[in-house]
Each structure stands twice: as structure tokens, then as C-alpha cells.
Amino acid sequence: MHWNKKLLKHINIYIPILVLSLIIIGLFIISSATGMADGNHQPFIRTQIAATVLGIILIIIMMFFDYRILKDYDFIIYFLTIIMLGFIFILGITVSGGRRWLSIGPVNFQPSEVSKILMIIFLAAYLDRNKNKLNNLKDLFRSLLFILPPFILIILQNDLGTSLVLIFIFVVMYYGAGGNLKHILMIFGGGFLIVVLIITSHVMFETPLPFLQQYQLNRLIAFVNPDIDPYGIGYNIIQSKIAVGSGMITGRGYLAGTQTQLNFLPEKHTDFIFAVLAEEFGFIGVAVVLIIYLLLLLQILKVAARAKDRFGQLIAIGVLGLFLFHILENIGMVLGIMPITGIPLPFISYGGSFMVISLIAIGLIININMRRKKIIF
């Protein structure tokens, strides 16, 4: 434990203020989306507040420990991630077609969400130790070997969204560590083209599709052309676009969005919560939230630039990648410019597991920023 009161002087106060602003906005939107008028929102709000309080407590605890001690336990963290994801296939609970949850007493949580932050810590330690071995394709393939096991385990849980988050985090961190951009584009661009060809072949010639469930394929088809089945696979995207468009400049007003209140909008407190925001608060409300996100990402980038060591810098880059992917993918799928993957919107979407993990990520950022300078006694 490395603690001194002088560390408090280095807390970036803007980060907790921005995060708390998003959480408060999220509570209002969740209340509207889950039926505030008839009181149905109360269990959702209690769960969200409980997750927020737990996350804040964990942030406070984390402030007392130097983040650099995590580097000494990188492979323990990695194997813990693999074991935890593996337990899903033995003790997991199936929800919405995916076996993704573990239950410990009264608490249910998603190991795939926990794996995001654990893999950021492991990759930061690994890339820091191998900073001089990131120049050629062999180095990239060797690094990829560590991301493949959790990626495959999460894919097998029918959680395509989280597996894509891991890939994005890896790409951002590998490039941030000094990896060759040409090699990154070659491998991941080529991989993307192969996936597109496999899916196209399946649609046109009914060839086997080993890595996607039918409902995931339907989401991709709906993304390309939602009007092909407006009351089936295209319903979610169509209703989401209607909600966003109907908000116009100032919105229909809090608790007054017809798509939201009349239950046309699906998964409105989780995946499509941004559509609720757009419908009820319009372009102005959306702009405010986007500005807060931009300011938060810029503050995290600032922490990365000023980090005391490379390990802290890479953790901050990983957290930046985590939030950036979630923001872009969630808003993109609501607008119909990205396929639906079930990715929540940070600090706003309902969900205890992701809220706690997001706050732990913020705790790491605060920790790194606090220790960016040498303390003189």
C-alpha cells in the first residue's frame, strides 16, 4: 500500500464530475424507459443505484493502492480471466439465448464484462514488458495468441458484442504500445474481409456458418436492409430510428416520448436507451450527452499522456478504447449505421455488471493520475 494525503492533490476532479453527470442522466432516462408513471421503474433504479454505490466504494478502496502492483500479477490475472469465463459452461445461467451469467449468492454478474478490465490490465503489463518486440508480424501474432482464448470463450457464450470489444481494446493498446499500424490493418482488415465473405457465402449458397447464431446473422441482415422484415428482424432498428427522428431539436419532453411510453421501442432501458434520450430530449439533449462523453474521453487521454510509467499509460489507453467502442457501437446501432450487438451505453444504460466494471475502470484512471508525479515528503 502506497498512500499519502498529498496524492489527493493530484485527483482529476473533472473525471468524477463528468461520470456522475452521465450516471444521473442515465437514472432519469431509465426511469422514463421502465415506467415511472406507474412505479415500475423502482426495481431498476434501485439496482442501478446499488451498482453505482458499489462501484464508488471500489474506487475509494482502489485509491489506497498503487496500480503498479497489478503488473506483478499479470499472468495470475490472465488465468483468472480464462478460468472465470470457463466456469460459465459449468455453472452459467442462460439469459436471452446466451449462457453468460454466474450467480454468487444473491448476486448475478457477467464474467465477460469483468474480463474487459482484467484483459486491459494483462495486456498493459504484457505490452510494457515486450515493448521492443512489437515491430513485425510475428510479434503481432504472438501477442494475438493471448487474446484468442478469452475471445473464443466469449464467442461460445453467444456474446459477439463483448468479443468485438476485446478485439478493439487489443488493437488500440497494441498500436498505443508502438505496434506497426500497417501490420495491424493487414491482419484485422484481412480478417474482416474473410468474415464478410463467409457470411455472404452463407446467405447466397447456405454454406456452414461456424461462429454466428441465426439471430446474430439476422441482426446483420437487418442492418443491411431492415425493411426486408419490418415486423421481424428489422423491427428494432426501424422503431429506434422513428424514436430518434421524432425527437427533432428539443424533444417530445420527459416521459412524453410515444415510442418509449407506448412500448414500441424494444430494450429501451438497455441497448436502445440512447433512442429514449433522443426522443424525449431531442438534438439538444443528445448534444449535451455527446459533449460530456467527449470531455471524459479527452480527460482519459490526458491521463494517458501524463502517466508516470508505460504500464499506466497503456491501462489508460485500454480504458479509452473500452469506452470509445461502447459509445460508438451503441449510438451507431441506435441510428442504424452499426449492426445490433447488445453493447450498453457507458454509465447510462441499465446494467449492474457493466456499471461496476465501468466505475472500476474510472478508478484505475484516477489511480494513475494521482500517482503521475513523485511525492516529496
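Colleague: How close do the axes of α12 and α13 come, and at what angle do they cross?

Modeller: This is a predicted model, in which local features need pLDDT of at least 70 and side-chain atom pairs count only at pLDDT 80 or more, while totals for chains, interfaces and linings use all residues. Residues are numbered from 1 along each chain as its sequence is written, and side-chain values use heavy atoms, with hydrogens and water left out. Helices are DSSP runs (H or I, at least four residues), numbered from the N terminus. Axes are lines fitted to C-alpha atoms, for helices over the stretch in contact, and angles run from 0 to 180 degrees between N-to-C directions. The axes of α12 and α13 come within 10 Å and cross at roughly 145°.

Colleague: Which residues make that contact?

Modeller: Contact means heavy atoms within 4.5 Å. From α12 come G312, I315, A316, V319, L322, F323 and H326, and from α13 come F354, S358, A361, I362, L364, I365 and I368. For classes, Ala, Val, Leu, Ile, Met, Phe, Trp, Tyr, Cys and Pro count as nonpolar, Asp, Glu, Lys and Arg as charged, and the others, Gly among them, as polar. The contact of α12 with α13 has 11 nonpolar, 3 polar and no charged residues.

Colleague: What span should helix α13 have, and is α13 mostly covered or uncovered?

Modeller: The expected span of a helix is 1.5 Å times one less than its number of residues. The 19 residues of α13 (residues 352-370) should therefore span 27 Å, and the end C-alpha atoms are 27 Å apart, which agrees. Buried means under 20% relative accessible area, exposed over 50%, and partly exposed in between (1.4 Å probe, protein chains only). By that rule 18 of the 19 residues of α13 are buried, and the helix is mostly covered.

Colleague: How do α3 and α5 pack?

Modeller: Helix α3 (residues 74-91) and helix α5 (residues 137-155) pack at an angle of about 20°, with their axes 9 Å apart. That makes α3 roughly parallel to α5, a label for angles under 35 degrees, whereas over 145 is roughly antiparallel, 65 to 115 roughly perpendicular and the rest oblique. The contact involves F75, Y78, I82, L85, G86 and F89 of α3, together with L145, F146, P149, P150, L153 and I154 of α5.

Colleague: Which loop holds F347, and what is the phi of F347?

Modeller: Most residues other than glycine have a negative phi. F347, although not a glycine, has a positive phi of about 70°. F347 is found in the loop between α12 (310-335) and α13, and is buried because its relative accessible area is 3%.

Modeller: E267 also has a positive phi, near 40°, in a residue other than glycine. E267 sits in the loop between α10 and α11 and is partly exposed, with a relative accessible area of 44%.

Colleague: Is H269 buried or exposed, and which residues does H269 touch?

Modeller: H269, in the loop between α10 (258-261) and α11 (273-306), is buried, with a relative accessible area of 18%. Not counting residues up to four places away in sequence, H269 touches I30, A33, T34, F44, S349 and Y350.

Colleague: What does N330 touch?

Modeller: N330 lies in helix α12 and counts as buried at 0% relative accessibility. With residues up to four places away in sequence not counted, N330 touches T270, D271, F274, F325, I343, P344, L345 and S349.

Note on methods. Helices (H or I, at least four residues) and strands (E, at least two) are DSSP runs, numbered from the N terminus.
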